[in-house]
Amino acid sequence: MTRFATARLLALLIPTALMAGALGSQFIGGLYPCEMCHWQRWPHYAAIAIALLAFLVRPAARPLIILAALAIMASGAIGVFHAGVEYGWWEGLTRCSTIGNSGDVLADIMAAPMVRCDEVQWSLFGISLAGWNAIVSLAGGATILALCLKRPR
């Protein structure tokens, strides 16, 4: 497999795997996302769409893969900010709950579980989910960029 093909595959697999983990922890594990958790998801959704486009539009594949890698890294940067809030390194935002979209705002607020952005819900080796997203997203995005931008021999 060429470096370019590897980069294109990673640009699709990394955000897809991270979103599978996030959605699995939400719907199977019962870990409700806070507002900043949702912020981390949006760049991954974009990266998945862009990476899929890179498989379909071959002439524009390289710039699309670079764009997907940047979106993955944007999620990682948001993850760094969120992990910093969780660990008390800096102040977070005041919006710290998930609100549905049934159309009845008051009912959505009353039914929504209170999820604080500044509390770690789950961790592995002392690293929160936001921290793991930051590590995997920044390292994965950098790897994709390196593979995509490296000149062939």
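A charge is taken to sit over a ring if NZ of Lys or CZ of Arg is within 6 Å of the ring centre and within 35 degrees of the ring normal. By that criterion, Arg8 lies over the face of Phe55, at 4.7 Å from the ring centre.

Colleagues, this is a predicted model, in which local features need pLDDT of at least 70 and side-chain atom pairs count only at pLDDT 80 or more, while totals for chains, interfaces and linings use all residues. Residues are numbered from 1 along each chain as its sequence is written, and side-chain values use heavy atoms, with hydrogens and water left out.

I turn to the two helices concerned. Arg8 of α1 and Phe55 of α2 are among the residues through which these helices meet, contact meaning heavy atoms within 4.5 Å. Helices here are DSSP runs (H or I, at least four residues), numbered from the N terminus. Arg8 is also one of the buried residues of α1, where buried means under 20% relative accessible area, exposed over 50% and partly exposed in between (1.4 Å probe, protein chains only). The cover over the buried residues of α1 includes α2, α3 and α5.

Finally, the aromatic rings. Which pairs were found? A search of the whole structure gives one aromatic pair. The rings of Trp42 and Tyr45 have centres 5.5 Å apart and planes at 75°, so the pair is edge-to-face; pairing requires centres within 6.5 Å, and planes under 30 degrees apart count as stacked, over 60 as edge-to-face and the rest as tilted. Both residues lie in α2, three residues apart. Trp42 counts as exposed, at 59% relative accessibility, and Tyr45 is partly exposed, at 34%.

Technical notes: Rings of Phe, Tyr and Trp (its six-membered ring) pair if their centres lie within 6.5 Å; planes under 30 degrees apart count as stacked, over 60 as edge-to-face and the rest as tilted.
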